[in-house]
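Biologist: Please take me through this model, one question at a time.

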Amino acid sequence: MWGSTRGLIVTGSLVIVLAAMTVITWTSGSETDSAPRDAAPAVADGQALFQTRGCIGCHTISLTASGGTVGPGLTGLPQVAATRVEGMTASDYVRQSIREPDAYTVQGYGPGVMPVLPLTDLEVDTLVEYLLERKP
């Protein structure tokens with residue numbers, strides 16, 4: 001392959017394509033591409049987690065196609081989370097509610113319904129950010 005004209009043309013073409021792809025990646029990379037590996041993902045990633053980790057099947061939330069009724073609605077969560085437990089921030093309340101679903105229950109929803117989800121700390125942080133930063 002290397003000795004023939006055709007082989008050289010194919011090889012040269014591949015080198016040019018790979019070089020062009022590298023330049024495009026360097027010049028148009030997203031913030032996530034250049035962010036440190038332990039940086040929190042964008043809020044859009046929180047919506048993806050909400051949809052793919054099963055939250056959407058049990059909770060209703062504005063601006064999504066969720067229709068779950070097994071768990072409490074989350075549309076007003078940004079406004080009420082900090083008022084649920086005295087001395088607890090909204091972020092801490094939501095984080096603990098995800099990690100320990102039976103720690104606090106909303107009236108009308110009993111314990112033992114929400115499972116403990118196998119989420120990493122980064123995924124929990126991403127969900128918390130999404131749930132509290134959303135605009136209804």
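**Aromatic pairs and a histidine**

Biologist: What is the relative accessible area of Tyr-104, and into which class does it fall?

Modeller: The model is predicted, so local features need pLDDT of at least 70 and side-chain atom pairs pLDDT 80 or more, while totals for chains, interfaces and linings use all residues. Residues are numbered from 1 along each chain as its sequence is written, and side-chain values use heavy atoms, without hydrogens or water. With a 1.4 Å probe and protein chains only, buried means under 20% relative accessible area, exposed over 50%, and partly exposed in between. Tyr-104 has a relative accessible area of 27%, so its class is partly exposed.

Biologist: How many aromatic pairs are there, and which class describes Phe-50 and Tyr-130?

Modeller: Rings of Phe, Tyr and Trp (its six-membered ring) pair if their centres lie within 6.5 Å; planes under 30 degrees apart are stacked, over 60 edge-to-face, the rest tilted. The count comes to 2 aromatic pairs. The ring centres of Phe-50 and Tyr-130 are 5.9 Å apart and their planes meet at 50 degrees, so this pair is tilted.

Biologist: How far apart in sequence are the parts tied together by Tyr-93 and Tyr-104?

Modeller: These two rings form a tilted pair, 5.7 Å centre to centre with 35 degrees between the planes. Tyr-93 is in helix H6 (a DSSP run of H or I, at least four residues), and Tyr-104 is in the loop between H6 and H7, so the separation is 11 residues.

Biologist: Which residue's backbone oxygen does the His-59 side chain reach?

Modeller: His-59 counts as buried because its relative accessible area is 12%. At 2.7 Å, its side chain reaches the backbone oxygen of Pro-72.

Notes: A polar contact is a pair of N or O atoms within 3.5 Å; within protein, one must be able to donate a hydrogen and the other to accept it, and residues adjacent in sequence count only if both atoms are side-chain atoms. Helices (H or I, at least four residues) and strands (E, at least two) are DSSP runs, numbered from the N terminus.
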